[in-house]
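This report looks at aromatic rings and their surroundings, and then at one annotated stretch of the chain. Please keep the sequence and the structure in view while reading.

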Amino acid sequence: MGLPGPGLWLKRFWVFLEVAVHVAVGKLLLTLFPDRVKKNILAMGDKTGMTRNPNFSHDNWIPTFFSTQYFWFVLKVRWQRLEDTTELGGLAPNCPVVHLSGQRCNIWDFMQG
């Protein structure tokens, strides 16, 4: 196949802006209201079970929120989700697959003609 169409590039740019604003606002709130943000993050951790893990201290993982690594991770996940969906009449997603031999490739590798 080729490069993704202009629609995907626009969607990626929009997601980039959304994630950048999310991280910037989160970093600002974490700086201005650290106790309140910590309380909210711990509440989210209770829902996911993260705070129940004895090997993790909240002092270790709360500072990672809204960091540069957090930004790139969230951006990568959101972009991958864009590529895993399709629109009516659009290209099929180029999902990763594994041969029976264990070799990894993508669905588009099987397209012919």
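A residue is called buried when its relative accessible area is under 20%. In this predicted model, Phe65 has a relative accessibility of 18%, so Phe65 counts as buried. Phe66, with a relative accessible area of 13%, is buried as well.

How many aromatic pairs does a search of the whole structure find? The search finds 5 aromatic pairs, and two of them, both involving Tyr70, are set out here. A pair of aromatic rings is described by the distance of the centres and the angle of the planes.

| Pair | Distance between centres | Angle between planes | Arrangement |
|---|---|---|---|
| Phe65 and Tyr70 | 5.6 Å | 35° | tilted |
| Phe66 and Tyr70 | 5.5 Å | 70° | edge-to-face |

Why is the pair of Phe65 and Tyr70 called tilted? Planes under 30 degrees apart count as stacked and those over 60 as edge-to-face, with the rest being tilted, and the planes of Phe65 and Tyr70 stand at 35°, so this pair is tilted. Elsewhere in the chain, Phe16, Phe71 and Trp72 are linked into a cluster by ring pairs.

Rings also meet a charge in this model, and the residue to look for is Arg12. Arg12 lies over the face of Trp9, at 5.0 Å from the ring centre, and the charged end of Arg12 also sits over the ring of Trp79, 5.7 Å from the centre of that ring.

According to an unreviewed UniProt entry, residues 12–33 carry the annotation "transmembrane region". In the model this span is 95% helix and 0% strand, and its end C-alpha atoms lie 31 Å apart.

How values were computed
Residues numbered from 1 in each chain as written. Predicted model: local features only at pLDDT ≥ 70, side-chain atom pairs only at ≥ 80, totals over all residues. Heavy atoms only, no water. Phe/Tyr/Trp six-rings, centres within 6.5 Å; stacked < 30°, edge-to-face > 60°. Buried < 20%, exposed > 50% of the residue type's maximum accessible area, 1.4 Å probe, protein only. Lys NZ or Arg CZ within 6 Å of the ring centre and 35° of its normal. UniProt positions renumbered as here; feature names shortened; annotations may be inferred. Helix = DSSP H or I, 4+ residues; strand = E, 2+ residues; numbered from the N terminus.
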